[in-house]
Amino acid sequence: LRDKIVEQLSTSSVEITSDTPRVSPNPANDIVTIHMPDFSAESIIAIYNARGEEVMTRFSAQRGDDVSLNTADLPSGLYAVCITVGGMTRSTSFIKQ
């Protein structure tokens, strides 16, 4: 039974990580582009600073397209990008110079 549970968890993990968004350039200056996986529904893109505070939110109805965000007003530091689609969240990060 233990092996079956581990196998199921492993399969789920692979499915989630295959849809991981990418951010470029990284490190970034004024604009970051989020290369979105081909999601089948509207997505919510949230940017969080290193203290866990949400500093930007964007809704995207586009599927599989790149989304550009203006980061000129953000201070230098590490930021998390969380993309929520249909109750599932995928994340990545970038550094703002």
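Two strands are treated as paired if DSSP finds at least two bridges between them. Helices (H or I, at least four residues) and strands (E, at least two) are DSSP runs, numbered from the N terminus. The model is predicted, so that local features need pLDDT of at least 70 and side-chain atom pairs count only at pLDDT 80 or more, while totals for chains, interfaces and linings use all residues. Residues are numbered from 1 along each chain as its sequence is written, and side-chain values use heavy atoms, with hydrogens and water left out.

**View 1. Pairing of strands β3 and β4 in the predicted model.** Strand β3 (residues 43–48) and β4 run antiparallel and are joined by six bridges. Ser43 has Ser60 of β4 as its bridge partner.

**View 2. The open sheet of four strands.** The strand order is β4-β3-β6-β7, with antiparallel pairing. β4 (54–60) and β7 (88–96) are the edge strands, each pairing on one side only. On average, neighbouring strands of this sheet are turned by 20° against each other, direction ignored; the axes behind this angle are lines fitted to C-alpha atoms, for helices over the stretch in contact, and angles run from 0 to 180 degrees between N-to-C directions.

**View 3. The aromatic pair of Tyr79 and Phe94.** The structure holds one aromatic pair. The ring centres of Tyr79 and Phe94 are 5.5 Å apart and the planes lie at 20°, so the pair is stacked (rings of Phe, Tyr and Trp, the last by its six-membered ring, pair with centres within 6.5 Å; planes under 30 degrees apart count as stacked, over 60 as edge-to-face and the rest as tilted). Because Tyr79 lies in strand β6 (residues 77–85) and Phe94 in strand β7, the pair ties together parts that are 15 residues apart in sequence. Both Tyr79 and Phe94 are buried (under 20% relative accessible area; exposed is over 50% and partly exposed in between, with a 1.4 Å probe and protein chains only).

**View 4. The largest nonpolar core.** Such a core is a set of buried Ala, Val, Leu, Ile, Met, Phe, Trp, Tyr and Cys residues joined through side-chain atoms within 4.5 Å. Among its 16 residues, Ile34, Ile45, Ile47, Leu69, Val81, Ile83 and Phe94 touch the most other members. Two or more residues each come from β2 (31–35), β3, β5 (66–70) and β6, and β6 gives the largest share, four residues.
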